[in-house]
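Q: I have a structure open and would like to talk it through. Can we take it piece by piece?

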There are 2 protein chains.
Amino acid sequence: MRRCALGLDFGTESARAVLVDVTTGEEVGSAVHAYESGVIDDRLPETGEPLPPDWALQDPDDYWRALEAIVPAALRAAAISAEAVIGIGVDFTACTLIPTRADGTPLCCDPELRKQPHAWPKLWKHHGAQPQAERINRLAAERGERFLARYGGKTSSEWLFAKALEILEAAPAIYDRAERLIDAGDWLVWQLTGREARSACQAGYKALWSRTEGYPSREFLAALHPRLATIVEEKLATEIYPVGARAGELTPAAAARLGLRPGIPVGVAIIDAHAAVPAAGIAEPGKMLLILGTSGCHLLLGREERSFPGLCGVVQDGILPGFFGYEAGQPATGDLLAWQTRAAVPPEYHDEAARRGVSIYRVLEERAAALRPGECGLLALDWWNGNRSILMDADLAGVLIGLTLETRAEEIYRALIEATAFGTRAIVENFERHGCPVQELYACGGIAEKNPLLMQIYADVLGRPIHRVRSGQACAVGAAILGAVAAGSAGGGYDRLLDAAAAMGGVEAGGFSPDPAAHDRYTALYGEWLRLHDYFGRGENPVLKRLRAWRAGRRPEEGS
Amino acid sequence: MRRCALGLDFGTESARAVLVDVTTGEEVGSAVHAYESGVIDDRLPETGEPLPPDWALQDPDDYWRALEAIVPAALRAAAISAEAVIGIGVDFTACTLIPTRADGTPLCCDPELRKQPHAWPKLWKHHGAQPQAERINRLAAERGERFLARYGGKTSSEWLFAKALEILEAAPAIYDRAERLIDAGDWLVWQLTGREARSACQAGYKALWSRTEGYPSREFLAALHPRLATIVEEKLATEIYPVGARAGELTPAAAARLGLRPGIPVGVAIIDAHAAVPAAGIAEPGKMLLILGTSGCHLLLGREERSFPGLCGVVQDGILPGFFGYEAGQPATGDLLAWQTRAAVPPEYHDEAARRGVSIYRVLEERAAALRPGECGLLALDWWNGNRSILMDADLAGVLIGLTLETRAEEIYRALIEATAFGTRAIVENFERHGCPVQELYACGGIAEKNPLLMQIYADVLGRPIHRVRSGQACAVGAAILGAVAAGSAGGGYDRLLDAAAAMGGVEAGGFSPDPAAHDRYTALYGEWLRLHDYFGRGENPVLKRLRAWRAGRRPEEGS
């Protein structure tokens, strides 16, 4: 009988299930279900109360409704029986923070608390905790907290402590009622297994935890807010499991709801992006995975822990057990191109797309592909959504130079792609400068699949071949790989993640090879790009930060 | 009986006649006629031979056809008899260079020479002589030629000697056949009066001539090309007339073709833009006229001759007799906004314009007007078409910074307007720094008439009220004023241009007053703008020039 692992992939707008044959790696069936309430960023469903502009909530009932839809649908699509499923893995957006009771029930499921916005799960991209994040960063820098270096010197408003502090300060009664504050991936594993087994991936990348140092100290937390001093003991968990470990087994209740057999091993959760690493077949240092979607994420394994500026995080056991997982990022990749199609592409391009029945991206891509490197005469800094790596400065903004009266939309489109490629090159060079060599590049994500021009430009700019991950649903396949490892060889899976990744993950044949002449031209342009990057990004001329202040309605200080 | 002066205004696409009552300044009638061949930039009409991309020719027969159309039509529109016309003034684009026989017949009217592209009039914006202009600039700098300082250190490919040298080198036989090389305005006056009376305006701004030093020396011209040594004696004219002088009287033949009486005094020609100065009623130093069209032109009178970087020219008697006329310029004003509407405005804006039956500019302007200064968070350098004043560098290119994922088209539109306003402020401050104070601002031209938001932003950025010239056809009215002066008081006109301008020119009531709070905000942003201006424009980072080279298909030298 075919043996399959089930990967459950919980994204921003929808959840996906995939069944992967653990021997052949074949994706035998999958299903997707969009969350009924999607991203709740306008009004609270219960009361219609308007939400502030930087808010983003989700409804945990949507997660269960999605589960009940996708698991049976994937089984039907695969035409296999539930008996064939040997293990389950889970990936989830993070830090999507759910305040729950001690038994895991989300507070917002309580009819009384449902009217309280802070009782709801805060989606990863909820940015209401920006002031709290800034205070965390300031205090940590003042106190010389060692954890800061693991995150490139700056933590994010999207992470656990900022969100927890936001709840504590804005709704202390909700904070009190929350017996657990838990990442949604860990919550889902708890729902499936009845056991709270928190993941080193979520704890390490999003909750300032490390294997050797644990969470931030009680002193630090107390200095932040007196009542935060006890958050670790009261609301978090101190036993943290490496990715690849077994969290528990499917409870009879959950099995009944999903149409599966009870007792199936369930793996520790992983952040959605990070799940793509095993799906790429990567199981050793030197192979960087680029996850190219609305934003860009760069993951690399290392044997040692190093801290340097520009890291979003380095976490032991956070991606693959036994390795340090390094993460870097660019806050706008696909979003940058989407901005252009929305705000700066004239009607005739849209008309052509409509006439030919293709996307506006296709029209721009075809025209941009006819240009040689440098021919557009443009250079851009891809900071439309700020900079994460390597400058870690959310207040930077985009730059576009070299415009002429002849500049056309496809030239801007190409310049924007080149800008993100240069940004990736800066990240790769930053890793290498700090003792983390990058020998091979892998890519996955919506943009990697849909935009071959972008892939070729990345290969040309970086001067390295880029392998594209075979699966079009890499995160879900990565989750399934973790399911196969949770099962172990005794359960029909694998004992080592390395072996599961080799059997079930992998890349397409071919890939994208750099053109030496294009690489040479791009290296000259990259020199120009770097000079602009340092001029605008490293304080020589802080005009971009001042323009952001003007935009926000604050007149910047002279000379600030 | 009403006494009227006739202004003849020859623009790039069409010619216009206006009849102005010399006592009241009332515009009693006008007419416009588009040139049949317009701008010839695609193929030579006679042979269909394709023209190089930077070429722009015109057909002199179009000028006569236009004349024969507009003069009778203006008389009809005014419902006055030909007897009422007491003087004629002429303005024309420049340097629009016509190679002619000794009697003024354009070479291209010869059936044999009609097939030779270089026998045709080269319109002001013909840019085929760029290599020649560069050699003129290099040689003049090497030899320390004094004329260079009057033009801010750089002469243009649009001017007479560059175009003459282009003909000489590309078509020496045509150069030999050309017994005169003459600016079209002077040619038209010659056609009307039978007398070649060249204007200090055209000679001074476009042919490197000055009242005290004459044309470039024979030695300089010989060093440029041996056969150019004798161009002044052979093909130009050395008797140069101030603007405001009488060139001659309408010949019987011309009078018959136009339906006017012979003997009407005709004034010396003036460049079209410069004719707007008397139309504004300006007759003294300290009042700067902004001519805002596709490009921007800044004219100011002075009592002394000063030379400083950023001038396009300073010419004694070139605008008003007895004054030095200073000119500065911005190569893209309306063109910058037109670029955006063409290349970077999404369909919904165009749809709204179509639905409401208004222009796309109106839609953008309305939305941009709702923004406070600085609120768009953007800053631009308006160098899409290079920089004329104050950097005199055609190889610069545009810059746009501060972009975010929320940036909308109307924000870019406003930033582009602000960029041209900051550029004008830099020009005004440059004049003042060099001893030419600017007390009052006047504006005319298509953009000044159609774009009140731009006018208000200019007033706010410059911190000065801006008066708008009363006439919507300022250049033509200026030409009519010169016609009234050509007539003199004995002929029913004026002896002094000052008096004619006061009676026949002037500004609208009201105008645009600066808002102090907006001016204050813009002064802070102007500081940011200036810093970028100097960084990208004064050699600190010559990346824009290198990007222009990339665009042109030339890989720039490292470090160049």
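Q: Let's start with one residue. Is B:Ile360 buried or exposed, and why?
A: This is a predicted model. B:Ile360 counts as buried because its relative accessibility is 12%, and buried means under 20%.

Q: Which helix is B:Ile360 in?
A: Helix H14 of chain B, which covers residues 360-369.

Q: What is B:Ile360 in contact with, leaving aside its neighbours within four places in sequence?
A: B:Thr341, B:Val345, B:Tyr349, B:His350 and B:Ala353.

Q: And how far is B:Ile360 from B:Arg342?
A: They are 18 residues apart in sequence. In space, C-alpha to C-alpha, the distance is 10.0 Å.

Q: New topic: helix H21 of chain B. Why is it described as largely enclosed?
A: Eight of its nine residues are buried, so the rest of the structure largely encloses H21(B). The helix runs over residues 543-551.

Q: Which residues of H21(B) are buried?
A: Among them are B:Val543, B:Leu544, B:Leu547 and B:Trp550. The list also includes B:Arg546, B:Arg548 and B:Arg551.

Q: What about just after H21(B)?
A: There, B:Gly553 takes a positive phi of about 85°.

Q: Now H18 of chain B. How many residues does it have, and how far does it reach?
A: H18(B) has 14 residues, 474-487. From first C-alpha to last, it reaches 20 Å. That is close to the 20 Å expected at 1.5 Å a residue.

Q: How many of the residues of H18(B) are buried?
A: 14 of its 14, so to speak a mostly covered helix.

Q: What follows H18(B)?
A: B:Gly488 follows, with a positive phi near 70°.

Q: Let's zoom out to chain A. How many helices and strands are there?
A: Chain A has 21 helices and 19 strands.

Q: How does its radius of gyration agree with a compact globule?
A: For 560 residues, a compact globule would have a radius of gyration near 24 Å. Chain A has 23 Å, which agrees. Its C-alpha atoms fill a box of roughly 65 × 55 × 50 Å along the principal axes.

Q: What share of the residues in chain A is buried?
A: Buried residues make up 65% of the 560.

Q: And the accessible surface of chain A?
A: About 18700 Å², with 49% belonging to carbon and sulfur atoms.

Definitions and conventions. Residues numbered from 1 in each chain as written. Chains lettered and ligands numbered in written order. Predicted model: local features only at pLDDT ≥ 70, side-chain atom pairs only at ≥ 80, totals over all residues. Heavy atoms only, no water. Helix = DSSP H or I, 4+ residues; strand = E, 2+ residues; numbered from the N terminus. Expected span 1.5 Å × (residues − 1). Buried < 20%, exposed > 50% of the residue type's maximum accessible area, 1.4 Å probe, protein only. Rg over C-alpha atoms; globule rule 2.2 N^0.38 Å. Areas by Shrake-Rupley, 256 points an atom, 1.4 Å probe, with all protein chains shown as cover. Contact = heavy atoms within 4.5 Å.
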